[in-house]
Amino acid sequence: MRYLFLSDLHLQPERPDITRAFLHCLQTRAREADELYILGDFFEVWLGDDEQSPLATEVIKALAALAEHGTRVYLMHGNRDFLLGRRFCRAARCTLLSDPQIVQLNGERVLLMHGDSLCTDDLAYMKMRRMLRNPLSLFILRNLTLAQRRRIGRKLRSESREQTRQKPSDITDVNLGEVAETMRKHGVRTLIHGHTHRPAVHQLVIAGEPAQRIVLGDWDTAGWVLQVDENGYQLASFPLE
Ligand code: LP5
């Protein structure tokens, strides 16, 4: 079986080059895969499935066409698009995963995450995450008007932009103790995640066994894809035109 993994595309009307590259990927290499996984921050900001935009319509249509072709599509929430919901998934014919999620890839048990919950040294973010992602807040957020969500979304983005600029870079990366503990708890030797925009394959030792943490890249000057097949795990980038 062949699996493809992407994350942090941050699709937005202001970056048609990223949308073009993604749609091209869906029409080419994703068609050769059995399963496609998008591990969060698929959209720059997703305020709810009631926000209809030409970009969302085009993406939904392309994902549904891929599913029609026979590739199963799985989505996970990121910190920018955790309001993506059932209506989007039904229309795009994809399945929403929980975070963390265990999957079997060619017989190996693998842990998938967006990655933000591993950044436990970023105390201000962890506090905001707990606040926004608890079921009561989610219920309230989902029931605000679109205009109210837009206002709050803008405020959060500008605060976040300001604050992340001032945070030391190790604070905004994963905490390695948290990674080891999470992998041990789930009994896996491979973890795949995004969020940090620091693409790499890290060799680790977990519970005395060799293990790996594969970090997907964000799509900005390049696109990033992880392919998993009988040849193993191959993380690759390609220039965006
Ligand atoms: O996104 P990225 O990678 O740049 O930064 C993240 C963390 N920031 C975020 C915030 C998002 O960028 C913005 C959320 C988009 C909106 C989603 C839609 C839902 C909106 C609600 C609609 C009702 O996730 C950033 C991390 C960084 O990753 C690295 O891990 O550091 O975290 C922060 O910067 C958080 C700040 O430190 C704390 C911000 C406090 C904000 C308080 C503003 C309160 C305004 C609320 C008004 C009601």
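**View 1. Leu-4 across from Gln-227, where E1 meets E10.** Leu-4 sits opposite Gln-227 of strand E10. The two strands, E1 and E10, run antiparallel and share three bridges; strands count as paired if DSSP finds at least two bridges between them. Strands here are DSSP runs (E, at least two residues), helices are runs of H or I with at least four, and both are numbered from the N terminus. This is a predicted model, where local features need pLDDT of at least 70 and side-chain atom pairs count only at pLDDT 80 or more, while totals for chains, interfaces and linings use all residues. Residues are numbered from 1 along each chain as its sequence is written, and side-chain values use heavy atoms, with hydrogens and water left out.

**View 2. Strand E10 and its hairpin with E11.** Seven of the eight residues in E10 (residues 222-229) are buried, so the strand is largely enclosed by the rest of the structure. Buried means under 20% relative accessible area, exposed means over 50%, and partly exposed is in between (1.4 Å probe, protein chains only). E10 and E11 make a hairpin with two residues between them. They run antiparallel, joined by eight bridges, and Val-225 faces Ala-236 of E11.

**View 3. The whole open sheet, strand by strand.** Six strands line up in the order E4-E3-E2-E1-E10-E11, with mixed pairing. At the edges are E4 (95-97) and E11 (232-239), each with a single partner strand, so one side of each has no neighbour in the sheet. From one strand to the next, the twist averages 25 degrees. Tyr-74 is opposite Thr-95 in E4.

**View 4. Ile-38 in strand E2.** Ile-38 belongs to E2, and its 0% relative accessibility makes it count as buried. Leaving out residues up to four places away in sequence, Ile-38 touches Leu-6, Leu-9, Phe-22, Leu-63, Tyr-74, Leu-75 and Met-76; contact means heavy atoms within 4.5 Å. Its C-alpha atom is separated by 13 Å from that of Gly-115, 77 residues away along the chain.

**View 5. Phe-22 and the largest nonpolar core.** What counts as a core here is a set of buried Ala, Val, Leu, Ile, Met, Phe, Trp, Tyr and Cys residues joined through side-chain atoms within 4.5 Å. The largest one has 40 residues, and Phe-22, Phe-42, Leu-63, Phe-88 and Trp-219 touch the most other members. Elements giving two or more residues to this core include E1 (3-6), H1 (16-27), H2 (54-69) and H5 (135-142). H2 gives the most, with seven residues. Neighbours within four places aside, Phe-22 is in contact with Leu-6, Leu-9, Leu-11, Ile-38, Phe-42, Val-59, Leu-63 and Trp-219. Another core, of 16 residues, lies apart from the largest one, and Tyr-3, Leu-97, Leu-112 and Ile-214 are among its members. In soluble globular proteins, nonpolar side chains tend to be buried together.

**View 6. Where helices H4 and H5 cross.** The axes of H4 (residues 123-133) and H5 come within 5 Å and cross at roughly 65 degrees. These axes are lines fitted to C-alpha atoms, for helices over the stretch in contact, with angles from 0 to 180 degrees between N-to-C directions. H4 and H5 are therefore roughly perpendicular to each other, a label that covers 65 to 115 degrees. H4 brings Met-131, Leu-132 and Arg-133 to the contact, while H5 brings Pro-135, Ser-137, Leu-138 and Leu-141.

Terms used: Parallel < 35°, antiparallel > 145°, perpendicular 65-115°, else oblique.
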